[in-house]
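Biologist: I'd like to go through this one with you. Can we start with the strands and then move on to the helices?

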Amino acid sequence: MGMWHRARLRSTRKLRSFCTAVRRHIEDEGDWSYSSEWWGDNSDGHTLLRSTSDKGNGVVSVVAHHSSRPSEIHWPGIERWLQQRYAEMHPGSENNEKFRILGYQWRVLRFNDETRQSTAKIMAAYRESDPGSVFIMQQNLKSMLSVGLASIASCNYDLMNAVHGKKTMNILCIGHGGGSLPLFLASNIKVMILSHFRYGVSKSQEEMSLMPEAKIPTHNLKLLSGAVVDIVEIDPLVISASTQAMGFPHFPVMNPSGERVLSEPDPSSEVLWKGIHERLFLFESDAEEFIQNTTKIYDMVFVDAYDGDDIFPYKLRDPNSPFLKALKNQLNKEHGTVVVNLHSDTDIRDNAASIPSHHHNRLPLMGRHVSRVCQAYKRLVTENGSCGLGFSVSAPWVCNTSLAVCRGFRTDDGSLDRDKVLNTLISKSLEVENAMNLPFSCLQYIKSDFILADAD
């Protein structure tokens with residue numbers, strides 16, 4: 001527990017400013033305003049894991065950095081929440097088992113000590129009766145969500161019913177990293193009723209009405225509602241890093257035969273991820289092989305895959321690749337949406353990483369690399385007479401571009417010109433933000449250098 005000391009470390013590193021169109025109280029701890037805590041190099045933190053990948057990712061490492069939030073005045077409430085969750089799993093322990101928070105850290109997954117592949121906030125706590133029982137929970141998320149959720153909501157998909165657990169939303173994440181994205185999706189697109197079953201054991205209606213919030217059988221996907229997320233990661237070392245050092249639960253990990261490695265989750269994982277990890281399925285697989293062999297139809301696909309040299313694999317962007325051809329067939333024909341994380345290759349950014357207002361009033365140029373990838377993915381949703389579109393938005397403060405392509409995009413009057421599409425996305429992003437009570441503004445990502453892809 002020594003690494004979780006409560007000494008307040010203060011960074012002297014200058015904060016890089018973070019500008020949005022509208023200034024607001026910052027709740028998202030992934031905001032650039034906190035970057036001094038997690039943007040440092042390895043010498044600024046404590047190395048938790050370091051090993052060499054045999055899948056082309058070079059040296060894979062996880063480094064821990066001190067986090068200043070939440071402050072200790074908020075810890076008692078979180079400790080009570082942990083106690084309540086534990087009591088649900090162990091009836092009668094309400095007054096006997098207390099939890100204490102050790103602290104919070106940023107965990108940064110790096111390739112070759114340079115590429116920051118994933119960053120996550122970690123909370124660590126322990127039971128007073130067993131100080132060695134450390135519970136670690138991941139708490140961060142990614143900005144790709146804004147683009148993806150606003151897009152699929154604009155395609156006549158009933159996102160609100162999925163968010164409230166009234167329907168199943170099938171999602172595929174290609175590239176795992178620390179697992180922030182799938183955890184956020186499963187946590188916020190929820191199961192409405194979890195009390196109908198124990199693991200693999202159905203109950204009578206009377207028994208179900210008396211059961212507390214319980215577990216979902218993992219072998220029967222028909223019983224799952226909310227977000228059901230398949231995750232594909234080619235590198236077993238990245239999977240190990242996420243479960244050992246990034247706070248991702250072990251229960252979602254699948255073996256080569258398609259069964260869970262663990263038949264049941266461990267007790268600490270149940271306390272932290274009950275009702276969430278049952279809907280996550282983490283496969284060690286090549287993305288191309290996985291998509292060619294699956295029969296599942298996905299509502300949404302997130303692609304965030306880079307190798308140790310920080311390169312987006314060619315076979316994931318080649319318009320003639322087996323991967324894209326197979327993905328086209330596994331994407332929902334009415335509202336299927338794909339979001340791709342790319343490095344920005346435009347020059348629209350200034351020294352302060354702000355977004356000048358005049359950039360919002362003109363049409364920026366899509367960089368050559370982003371344009372090629374956009375056209376390759378756009379074919380997924382426009383071939384065979386399908387009504388689809390593609391667009392990109394940039395986040396200059398992290399030099400990233402989010403590319404989205406979707407089927408069935410609809411505006412009020414049916415027009416797909418730039419302003420109509422952007423206004424629809426803005427409207428839907430506000431609906432999503434409010435319905436999901438997001439800790440960040442979707443609007444800042446949707447409006448940032450929005451570019452509608454040219455027609456083929």
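Biologist: Which handedness does the β-α-β unit of strand 11, helix 10 and strand 12 have?
Modeller: That unit is right-handed, with helix 10 covering residues 322–329. Bear in mind that this is a predicted model.

Biologist: How many bridges join strand 11 to strand 12?
Modeller: Four, and the two strands run parallel. Val-301 stands opposite Val-338 of strand 12.

Biologist: And which residue is the bridge partner of Leu-342 in strand 14?
Modeller: Thr-401. Strand 14, residues 400–407, pairs with strand 12 in the antiparallel sense, over seven bridges.

Biologist: How many residues of strand 12 are buried?
Modeller: Six of the seven, so by the under 20% relative accessible area cut-off strand 12 is mostly covered.

Biologist: Switching to the core. Which residues touch the most other members of the largest nonpolar one?
Modeller: Met-169, Ile-171, Leu-185, Ile-189 and Phe-302, out of 63 residues. Helix 3, residues 144–153, gives the most to this core, with seven residues. There is also a second, separate core of 35 residues, which includes Val-228 and Tyr-298.

Biologist: What does Met-169 touch?
Modeller: Among its contacts beyond four places away in sequence are Ile-152, Tyr-157, Ile-189, Val-228 and Met-300.

Biologist: Last topic, helix 12. What caps its N-terminal end?
Modeller: Asp-417 does, with a side-chain oxygen 3.1 Å from the backbone nitrogen of Asp-419. Helix 12 has 19 residues and reaches 27 Å, close to the 27 Å expected.

Biologist: Which of its residues are buried?
Modeller: The buried residues of helix 12 include Val-421, Leu-425, Ser-429, Val-432 and Met-436. Just after the helix, Asn-437 takes a positive phi of about 50°.

Note on methods. Residues are numbered from 1 along each chain as its sequence is written. This is a predicted model: local features need pLDDT of at least 70, side-chain atom pairs count only at pLDDT 80 or more; totals for chains, interfaces and linings use all residues. Side-chain values use heavy atoms; hydrogens and water are left out. The expected span of a helix is 1.5 Å times one less than its number of residues. Buried means under 20% relative accessible area, exposed over 50%, partly exposed in between (1.4 Å probe, protein chains only). A polar contact is a pair of N or O atoms within 3.5 Å; within protein, one must be able to donate a hydrogen and the other to accept it, and residues adjacent in sequence count only if both atoms are side-chain atoms. A nonpolar core is a set of buried Ala, Val, Leu, Ile, Met, Phe, Trp, Tyr and Cys residues joined through side-chain atoms within 4.5 Å. Contact means heavy atoms within 4.5 Å. Two strands pair if DSSP finds at least two bridges between them. A crossover is right-handed if, with the strands pointing away from the viewer, the path from the first strand over the helix to the second runs clockwise.
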